[in-house]
Amino acid sequence: MATKLLAAAVTVLALLGNGMCQQGPSPSPSPSPSGGAAGLAVGFYDSACPNAEAIVRGVVKKAVEQDPGVGAGLIRLLFHDCFVQGCDGSVLLDATVANPQPEKLAPPNLTLRGFEVIDQAKAALEAACPGDVSCADVVAFAGRDATVLLSATKAEFAMPAGRLDGRVSLASEALDFLPPPTSNLSDLTASFAAKGLGVGDLVVLSGAHTVGRSHCSSFSDRLNSSNSDINPALAASLRRQCSANASSAAGGDPTVMQDAVTPDVLDSQYYTNVLNGSALFTSDAALLTSLETKVAVLANAIIPGLWEGRFRTAMVKMAAVEVKSVADGEVRKNCRVIN
């Protein structure tokens with residue numbers, strides 16, 4: 001392990017010297033309420049609902065303190081929302097007679113968590129400031145707050161707001177735009193590019209796999225493959241966990257921690273896991289299949305604070321994807337149904 005990281009350090013430092021990788025954390029977004037990407041702004045609700053962010057933060061804090069896994073779920077919820085129809089709360093919509101198959105019923109979304117936290121936050125906001133705060137912004141604030149809590153404030157940042165809630169939610173689009181854990185690097189890059197996100201964003205946002213749990217079915221193909229690059233000791237442990245818990249798990253598909261080292265801490269451990277063959281998914285291992293992504297993985301693993309700074313920036317960028325306009329958006333009264 002030490003030898004591998006030392007070799008990695010030498011490689012990264014050499015590349016840093018050649019200007020291929022920038023050292024040091026990226027600055028956090030400015031706290032100024034001036035306009036940002038997609039017309040969003042930090043402090044958007046300062047006049048209309050001054051306590052909006054504090055209300056969401058309080059609900060999220062209570063939920064994460066009771067179950068850190070909810071925090072991981074809220075970060076994932078933001079990603080899944082933004083990659084389908086943009087960051088518009090469309091993943092929150094329930095099935096109706098008119099739309100029996102919304103996003104949340106698509107296979108990639110059946111394991112999403114945190115809907116009840118969004119409902120609680122929205123109810124509190126409606127009591128304080130009726131009709132002012134969009135569900136899409138609640139999802140963005142909750143993802144930010146979960147990030148801050150799970151990173152022990154090391155990845156603290158300001159989240160611009162001003163999103164509107166979308167009226168379209170289709171399960172078929174979730175299948176089209178959400179990259180599965182079996183994706184190779186080419187597929188991942190294409191999925192992120194379709195949302196205006198680059199390879200750097202892909203590597204940084206993948207770091208969220210350092211928290212939360214995964215169903216065994218998402219990586220079981222790697223456990224029994226003769227040419228799998230997963231760490232043999234970890235593979236054996238995962239086989240035992242998945243087999244032992246299969247009978248008691250709902251649907252016979254048990255879950256395991258995505259990061260066995262620091263399972264409830266949002267940190268850069270994920271990148272060390274990737275280097276050691278200790279990350280779960282094919283999509284994780286794929287980050288070592290190009291020079292550009294491998295260098296980024298190495299840098300995030302060995303340079304203190306680098307990943308946290310980049311993650312703050314990438315979260316803000318992702319949360320501005322395809323924001324709705326007044327023509328195709330609204331502020332929902334109930335996050336589960338359109339007005």
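Is T210 buried or exposed in this predicted model? T210 is buried, with a relative accessible area of 0%.

View 1. T210 sits in the loop between α8 and β2 (213-215). Its side chain makes a polar contact of 2.9 Å with the side chain of D259. Beyond its neighbours within four places in sequence, T210 is in contact with D259, T262, P263, V265, L266, D267, Q269 and Y270.

View 2. An unreviewed UniProt entry places the feature "binding site" at T210, D259, T262 and D267.

**View 3. D267 lies in the loop between β3 (255-257) and α11.** D267 counts as buried because its relative accessibility is 16%, under the 20% cut-off. Leaving out residues up to four places away in sequence, D267 touches G207, T210, D259, T262, W307 and E308. Both W307 and E308 are buried residues of α14.

**View 4. Helix α14 is largely enclosed by the rest of the structure.** The helix covers residues 306-318 and has 13 residues. From first C-alpha to last it reaches 18 Å, close to the 18 Å expected at 1.5 Å a residue. Eleven of the 13 residues are buried, among them L306, G309, F311 and M318. Which helices do the buried residues of α14 pack against? They pack against α3 (68-82), α5 (135-150), α8 (199-206), α11 (269-275) and α13 (291-302).

Technical notes. Residues numbered from 1 in each chain as written. Predicted model: local features only at pLDDT ≥ 70, side-chain atom pairs only at ≥ 80, totals over all residues. Heavy atoms only, no water. Helix = DSSP H or I, 4+ residues; strand = E, 2+ residues; numbered from the N terminus. Expected span 1.5 Å × (residues − 1). Buried < 20%, exposed > 50% of the residue type's maximum accessible area, 1.4 Å probe, protein only. Contact = heavy atoms within 4.5 Å. UniProt positions renumbered as here; feature names shortened; annotations may be inferred. Polar contact = N/O pair within 3.5 Å; in protein donor to acceptor, adjacent residues only side chain to side chain.
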